[in-house]
Every structure is written in C-alpha cells, then in structure tokens.
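Have a look at the model first.

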Amino acid sequence: MSATVLDGKALSLAIERDLAQRTAALRERSGGQPAILATILVGDDPASATYVKMKGNACLRVGLESRKVELGRETSTAELLAVIDGLNADPYVRGILLQHPVPAQIDERQCFDRIALEKDVDGVTTAGFGRMAMQEPAYGSATPAGIMRLLKHYQIGLAGRHAVVVGRSPILGKPIAMMLLNANATVTLCHSHTQDLAALVGLADIVVGAVGKPQFIKSSWIKPGAVVVDAGYHPGGIGDIELAGVIETCKAYTPVPGGVGPMTIASLMTHTVEAAERAAQNT
Ligand code: NAP
C-alpha cells in the first residue's frame, strides 16, 4: 500500500476558507473594525523577509489586516521592547509575530516574553509554553500546532505510539514533544548530545525532523510503517529527513515543500482569528 501524503497545502487552503468566513462575520459585528496581525522583522535576513511576506499575504487571503514593522539590524533590545509595548497597547492589534531569529545583540527571549499572552499568536512566550504544557488554554507554537492539526486531520493515532523528535528548539522541538506527550504518545526528545541517534530513530512509530540540517535524518534509520514528519526546510526544497528513501516504505509523510510549512502559517492565521474573536466577545 502506498504511503499517505500528509498534504499541508490542501489542508491549509481549507482552513483559510473557513477563516475568511469568520473574519467577514467579525468585521460585520464590529462595524468594519480591522483585526490586525502585527509582524516585526528586525534586520535584513532574506529568508526572514520572505517568511514575513508570506504571512502578510496569508492575512490578506483570510481577511486580516497585516501591519508590518521593519527595524534596522542595529536595533537594541530596549528599542524592540518599546515597539512590542506599543503593539501590546494597541487595541486593534490582535496578534503579534516577532520573526525569529533576531540579530545577535538582541535578547530574543526577553523580547518574546514581552508579548502580551493574549496576543502571543505565534506561541513563543514562556508563559504560553508553560500553559500549553499544562494543557491550559494558550496558543501553542505555530509550527508544532500546525503539525498536530495535520496529524489529527489525517487521523494519525498518537496514543501509546512512540514518537521520536530530533531537535529541541524552543519554537519547534520542545513544544512538539510536549504536544505529542499531551496526546498520550511516548516521546523521546533528541538533540546534539544524544548518543546513537540512528538506533533511537529506528524505534519510532512517528519521527519528527526538527534539526535544521538538510537530509540529516537518513531513510535507512526509519522503520517501515513509521509516520514521517519533516519540519525542516532548506534551499532547493529539501527537508531535514532523507524523504526519497522512505516514501515507499512509510505509513505517511509530510512532503517538502507543501507539508509542515503551509500548516505553520495556517496556525498563525487561526490563532489570530481566535484572538480577534475572543477580544470581540470581551468588548
Ligand atoms: P534550531 O533552533 O537550530 O534547533 C536545531 C535543533 O537540532 C537543536 O535542538 C539541536 O540540538 C538539534 N541538533 C543539531 N545537531 C544535531 C545532531 N547532530 N543530532 C541531534 N540533534 C541535533 O532549529 P529550529 O528553529 O528548531 O528549526 C529546525 C528546522 O525546522 C529548520 O530546518 C527550520 O528551517 C525548520 N523550521 C520550519 C518551519 C516551518 O514553518 N516549516 C518553522 C520553524 C523551523 P541542541 O539543542 O543540542 O543544540
């Protein structure tokens, strides 16, 4: 039997159609008031600029307004904190996205944590992570939340399955491990000090590649019948996993591109619309 393609592109389009209806209803209820997603781009990293542009385009498609804040590469932590304070205080701004990574002189963690919890639609704050981990209401980190939605859509069973996550970054590896754990998977979280990675990956019913190194996870490590989730994206349209070798033998896989990437943006849009709906309820 051929593997199921976990088609993030198709699912994200369906999600966007639903969101467009919800933002239209919101606008009608609020007398045309905009619901804004503010994006902050610091510096001139071309990949980050592309990601921010893609997020702005998605806002247009779903009927959100996008406000782009662009800051120079010499921006200090204090200056960035002041910008975030301004957006926190703006009643029309429903969500704030600070594009990662920021230049090295900036204390990224401090800036992430300055984002008001109710506007943390990218799920980057320490408080948001803690609440998500404790299964309290919070917007989970966008990429992991997108992966979980994709797995749910394709009815991939998680309870009692062994998930092996390779990578433990605050925006990806750690939160996806916690979300899988909360879904009753047994989770192994691997990182650069992990020993015998190949053997651990070989035990996985579900493999999540979140390493940031092109095709680092070899197809020969992955057991037949596993579900393969590749969060990586590198120039040339390749991910963190050697996908070509597993497409024939795995149960399901996320293509690169068209798997996890579109779901990240769909999560961000979903969280922003939810934040706008919540704010509208409270006014
Ligand atoms: P990151 O912050 O660089 O983290 C990489 C992780 O991989 C670290 O935890 C690191 O371990 C681990 N690692 C590095 N070398 C390793 C090794 N030899 N063995 C085992 N683990 C190793 O990266 P990230 O931001 O999480 O991104 C990971 C990938 O996801 C990238 O390809 C990125 O482009 C992609 N991504 C995609 C989206 C999307 O929307 N599709 C969003 C975000 C990221 P240590 O902690 O020990 O250093």
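Which residues are exposed on the other side of helix 2? They are P46, K53 and L60, where exposed means over 50% relative accessible area, buried under 20% and partly exposed in between (1.4 Å probe, protein chains only). This is a predicted model, in which local features need pLDDT of at least 70, side-chain atom pairs count only at pLDDT 80 or more, and totals for chains, interfaces and linings use all residues. Residues are numbered from 1 along each chain as its sequence is written, and side-chain values use heavy atoms, with hydrogens and water left out.

In helix 2, the buried residues are S48, V52, K55, G56, A58, C59 and V62. They sit on the same side of helix 2 because they cover an arc of only 160 degrees around the axis, taken from the directions from the helix axis to the C-beta atoms. Helices here are DSSP runs (H or I, at least four residues), and strands are too (E, at least two), numbered from the N terminus. Just after helix 2, G63 has a positive phi of about 85 degrees.

Now to the charges: there are nine salt bridges (a side-chain nitrogen of Lys or Arg within 4 Å of a carboxyl oxygen of Asp or Glu).

Shared partners join D18, R22 and E277 into one network of salt bridges.
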